[in-house]
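This report looks at disulfide bonding and at the nonpolar core. The sequence and the model are shown first.

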Amino acid sequence: MSLDRGEGDGGRGLSRRQFAAGIAWTTPAVLVVASAPALAASGCFVLDWNQKANGTAAAGVAFTTQSAGGAAGPTITPTRTISPANANNTTYDMKVGYQGRELNTLATISGMSTSNLGLVLNTAYGPSGSPTEAVTFTVSAPVTSISFQLYGWNRLSTYFIETLTFSRSVTLTGTNLNATTGTGTFNRTVDEATPTSVTVTATSATAFTTFSMTLTDTNFTGQDMRLGIGDLTVCS
């Protein structure tokens, strides 16, 4: 079969121009397939707590993340440690939700709702000593940043002062804060009738796979601690 027939040749042969056009059209398809995994392996991904129903136990569950374009990202698994060992936790603690118990009263956490669920930390008072609850997020692939909103972080100085420390240096964005950078200890500086949200951002030049936050009541009077963690964004 000849490859030299021109465009006007009515024969059934394949011209050089037709042959080259076939290569031009098929090559991009191969390139797209080869580059697709890279899109899912880098960038920013969001863990939307609304992927689970209200009341779902979160400890040890691998939650999925997704990019703005819909690409699947790494999974994030939260775990919890409570101390002292004889401290109690409410039925809302470490669950996907929007409410918790405070001053022995169940109420919606300020800034959260059924359409804006989060991870609820709601430790009840222990028999003695200031209760502490630490939550650790384990990411299935290395990331260089993590950020999220904190809801309901408050102090009512005659009853409780909720303090936070972090395993990595963070930047806090919000009002009524005793400090805005470092690992803590952080606390609100005034009592708030309706606590405003605070944004937590941790960025590192070295990639990491774990990030922890510890909540402590440093003015223990036998009251519950209640805090909501919003959707997580991780970037690599």
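## Disulfide

Searching the whole structure, which is a predicted model, gives 1 disulfide, a term that stands for a pair of cysteine sulfur atoms within 2.5 Å. The partners are Cys44 and Cys235, with sulfur atoms 2.0 Å apart. Because Cys44 belongs to strand S1 and Cys235 to strand S17, the bond ties together parts that are 191 residues apart in sequence; strands here are DSSP runs of E, at least two residues in length, numbered from the N terminus.

The torsion about the S-S bond of Cys44 and Cys235 is about 110°, and the disulfide is therefore right-handed. Cys235 is buried at a relative accessible area of 16%, whereas Cys44, at 42% relative accessibility, counts as partly exposed (buried is under 20% relative accessible area, exposed over 50%, and partly exposed in between, with a 1.4 Å probe and protein chains only).

## Nonpolar core

The largest nonpolar core comprises 42 residues, and those with the most contacts inside it are Phe148, Phe166, Met213 and Ile229. Such a core is a set of buried Ala, Val, Leu, Ile, Met, Phe, Trp, Tyr and Cys residues joined through side-chain atoms within 4.5 Å. Strands that each supply at least two residues of this core include S1 (44–47), S9 (132–151), S15 (198–217) and S17 (232–235), and the largest share, 8 residues, comes from S9.

Leaving aside residues up to four places away in sequence, Phe166 touches Phe148, Leu172, Thr183, Phe186, Val200, Phe211, Ser212 and Met213, where contact means heavy atoms within 4.5 Å.

## Basis of the values

Residues are numbered from 1 along each chain as its sequence is written, and side-chain values use heavy atoms, with hydrogens and water left out. Local features need pLDDT of at least 70 and side-chain atom pairs count only at pLDDT 80 or more, while totals for chains, interfaces and linings use all residues.

Key:
Helices (H or I, at least four residues) and strands (E, at least two) are DSSP runs, numbered from the N terminus.
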